[in-house]
Amino acid sequence: MARLLIVGGFLAAVFWVYSIVDCAVQPATRHRGVPKAAWVAIVVLIPVIGGILWFVIGRRRANDQGVPRTVAPDDDPEFLRSISKAEQDARIRRLEEELARLDEETDEPPAADPRP
């Protein structure tokens, strides 16, 4: 029984330290509810329960909907399905023309220096 308490205490201490470090290194945008300093204080002052609260409530996941994620139209499958093949071809043609125009602008030699 004593070994179980020692192992349990050791695991609780490791979890506590891991929770503190994880909470401290997360950017402020990945904290939910209260500010980062408050989460660190909660995890430090309430060892195991604070860590559990941090992982369940306070830590925002990367795929969490709280932070809006912008997707370029070319990477959005719904957008690509919504446009027809002709629209896709016209869009590609416009982009190619724009790239060609930009390429021509960068190929021009620099203007001569007007000073004598």
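Analyst: Helices here are DSSP runs of H or I with at least four residues, strands are runs of E with at least two, and both are numbered from the N terminus. Ser-19 sits in helix H1. This is a predicted model, where local features need pLDDT of at least 70, side-chain atom pairs count only at pLDDT 80 or more, and totals for chains, interfaces and linings use all residues. Residues are numbered from 1 along each chain as its sequence is written, and side-chain values use heavy atoms, with hydrogens and water left out.

User: Why is Ser-19 called buried?

Analyst: Buried means under 20% relative accessible area, exposed means over 50%, and partly exposed is in between (1.4 Å probe, protein chains only). Ser-19 has 0%, so it counts as buried. Leaving aside neighbours within four places in sequence, Ser-19 is in contact (heavy atoms within 4.5 Å) with Val-43, Gly-51, Trp-54 and Phe-55.

User: What makes up the largest nonpolar core?

Analyst: Such a core is a set of buried Ala, Val, Leu, Ile, Met, Phe, Trp, Tyr and Cys residues joined through side-chain atoms within 4.5 Å. Here the largest one has 5 residues: Cys-23, Trp-39, Val-43, Trp-54 and Phe-55.

User: How do you know which side of H3 the buried residues are on?

Analyst: The buried residues of H3 are Gly-50, Gly-51, Trp-54, Phe-55 and Gly-58. They cover an arc of only 130° around the axis, which puts them on the same side of H3; the arc is that of the directions from the helix axis to the C-beta atoms. An α-helix has 3.6 residues a turn, so residues three or four places apart point the same way. The buried residues of H3 pack against H1 and H2, while Ile-49 and Val-56 are exposed on the other side of H3.

User: Is Gln-26 buried or exposed, and what makes it so?

Analyst: Gln-26 comes in at 8% relative accessibility, so it counts as buried. It lies in the loop between H1 (2–25) and H2.

User: What joins the side chains of Gln-26 and Asp-22?

Analyst: A polar contact, at 3.3 Å. The term means a pair of N or O atoms within 3.5 Å; within protein, one must be able to donate a hydrogen and the other to accept it, and residues adjacent in sequence count only if both atoms are side-chain atoms.

User: Why is Lys-36 called partly exposed?

Analyst: Its relative accessible area is 29%, so Lys-36 falls in the partly exposed class. Lys-36 belongs to H2. A polar atom of its side chain lies 3.0 Å from the backbone oxygen of Gln-26.

User: What is the mean pLDDT of the protein?

Analyst: On pLDDT, the predictor's confidence in each residue from 0 to 100, the protein averages 81, and 82% of its residues reach 70 or more. Confidence is highest in H1, at a mean of 90, and lowest in H4 (residues 77–82), at 77. Where pLDDT is low, the predicted coordinates should not be read in detail.

User: How many helices and strands are there in the protein?

Analyst: There are 5 helices and 0 strands. Of the 116 residues in the protein, 12% are buried.
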